[in-house]
Amino acid sequence: MKRSVNFSFHHMIRIPEPELMEDLIQVESYAKADFETAHSFLIRKFQDRLPQRFAPESILDLGCGPGDMSSRLYSQFPMANFTFLDGSEFMIDLCKKRIETMVPKKRNNKIDFKKELIQDFVPESPYDLVFSNSLLHHLQDPFEFWAAVQRSIHQDSFIFISDLMRPDSFFSASQLTKRYANEEFEILKKDFYNSLLAAYRIEEVKEMLEIVRLDTKMNLEPISDRHWICYSKQRN
Ligand SMILES: C[S@@+](CC[C@H](N)C(=O)[O-])C[C@H]1O[C@@H](n2cnc3c(N)ncnc32)[C@H](O)[C@@H]1O
């Protein structure tokens with residue numbers, strides 16, 4: 001039986017976008033985009049929320065895309081074993097190229113690149129850190145995302161999820177696109193606009209967490225005019 005969330009649409013209705021990013025031009029423009037400001041901001045939030053002296057031995061990056069966030073994670077934890085997963089062949093290839101330039105020849109850690117749908121992903125063993133940026137809004141059924149997260153953790157895993165949040169109106173979506181993507185190519189501007197329309201609102205994410213019973217284990221916070229983060233609570 002499919003679970004459904006009874007979201008009340010006082011706000012602009014969600015307009016889904018295709019799950020996978022498989023169009024070569026779209027992938028290339030995404031891979032070339034300048035995410036420095038947004039991604040370094042998100043990574044700082046991630047670092048601030050990590051438990052002290054956290055040293056994960058295994059890390060999963062769900063929906064890694066061309067690897068901008070992945071490379072930041074790799075630099076932070078170069079000794080860990082990694083799984084980078086994306087359902088798009090172009091994306092996972094770009095991620096692989098990018099990470100492989102960073103990896104020294106002699107290394108002991110295992111780095112896997114999986115071209116796979118999160119819906120099909122069954123980890124061999126759980127990960128100490130499960131990370132995902134900007135994937136949830138791609139999914140038609142958001143519970144498939146949470147199920148993949150839940151399959152990939154153990155009791156002490158640290159989860160960190162970030163994504164866009166849907167604004168109140170088409171007008172705000174256009175304003176945000178002007179503010180944050182004005183210098184980018186048209187295709188990327190359109191992508192960003194569509195992603196805003198496809199994004200889940202924070203109260204929708206809150207409801208999802210309650211349904212999958214992660215609400216007592218995770219904090220959820222808006223951190224900018226367009227992003228939220230959701231991460232494991234510190235255990236006492
Ligand atoms: C907006 S990109 C985010 C990439 C990266 N995490 C980042 O922060 O730049 C979303 C990625 O999720 C992938 N994706 C979407 N739906 C997926 C699914 N069902 N299974 C696996 N990957 C998926 C897309 O192919 C795309 O590469």
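I count a polar contact as a pair of N or O atoms within 3.5 Å. I also keep in mind that this is a predicted model.

Entry: I found a polar backbone atom of I118 at 3.0 Å from a nitrogen atom of the ligand. For G87, I noted a polar backbone atom 3.1 Å from a ligand nitrogen. I then turned to side chains, where Y30 places a polar atom 2.8 Å from an oxygen atom of the ligand. How much of the ligand's accessible area does the protein cover? On its own the ligand has 600 Å² of it, and the protein covers 99%.

**Entry: the surroundings.** I checked where the ligand sits, and it is in the largest pocket. I listed 22 residues around the ligand, and those that come nearest are E19, Y30, G63, D86 and N133. Sorting this shell by class gave me ten nonpolar, nine polar and three charged residues.

**Entry: cysteines.** How many disulfides does the structure hold? I got zero. My cut-off for a disulfide is 2.5 Å between the sulfur atoms. I also looked at burial: C64 counts as buried because its relative accessibility is 7%. C230 is at 0%, so I put it down as buried too.

Key: Residues numbered from 1 in each chain as written. Predicted model: local features only at pLDDT ≥ 70, side-chain atom pairs only at ≥ 80, totals over all residues. Heavy atoms only, no water. Near = heavy atom within 4 Å. Polar contact = N/O pair within 3.5 Å; in protein donor to acceptor, adjacent residues only side chain to side chain. Areas by Shrake-Rupley, 256 points an atom, 1.4 Å probe, with all protein chains shown as cover. 1 Å grid on protein atoms, 1.4 Å probe; cavity = no way out; pocket = protein on both sides within 12 Å on 5 of 7 lines; lining within 4 Å. Sits in = over half its atoms within 2 Å of the grid points. Nonpolar A, V, L, I, M, F, W, Y, C, P; charged D, E, K, R; others polar. Buried < 20%, exposed > 50% of the residue type's maximum accessible area, 1.4 Å probe, protein only.
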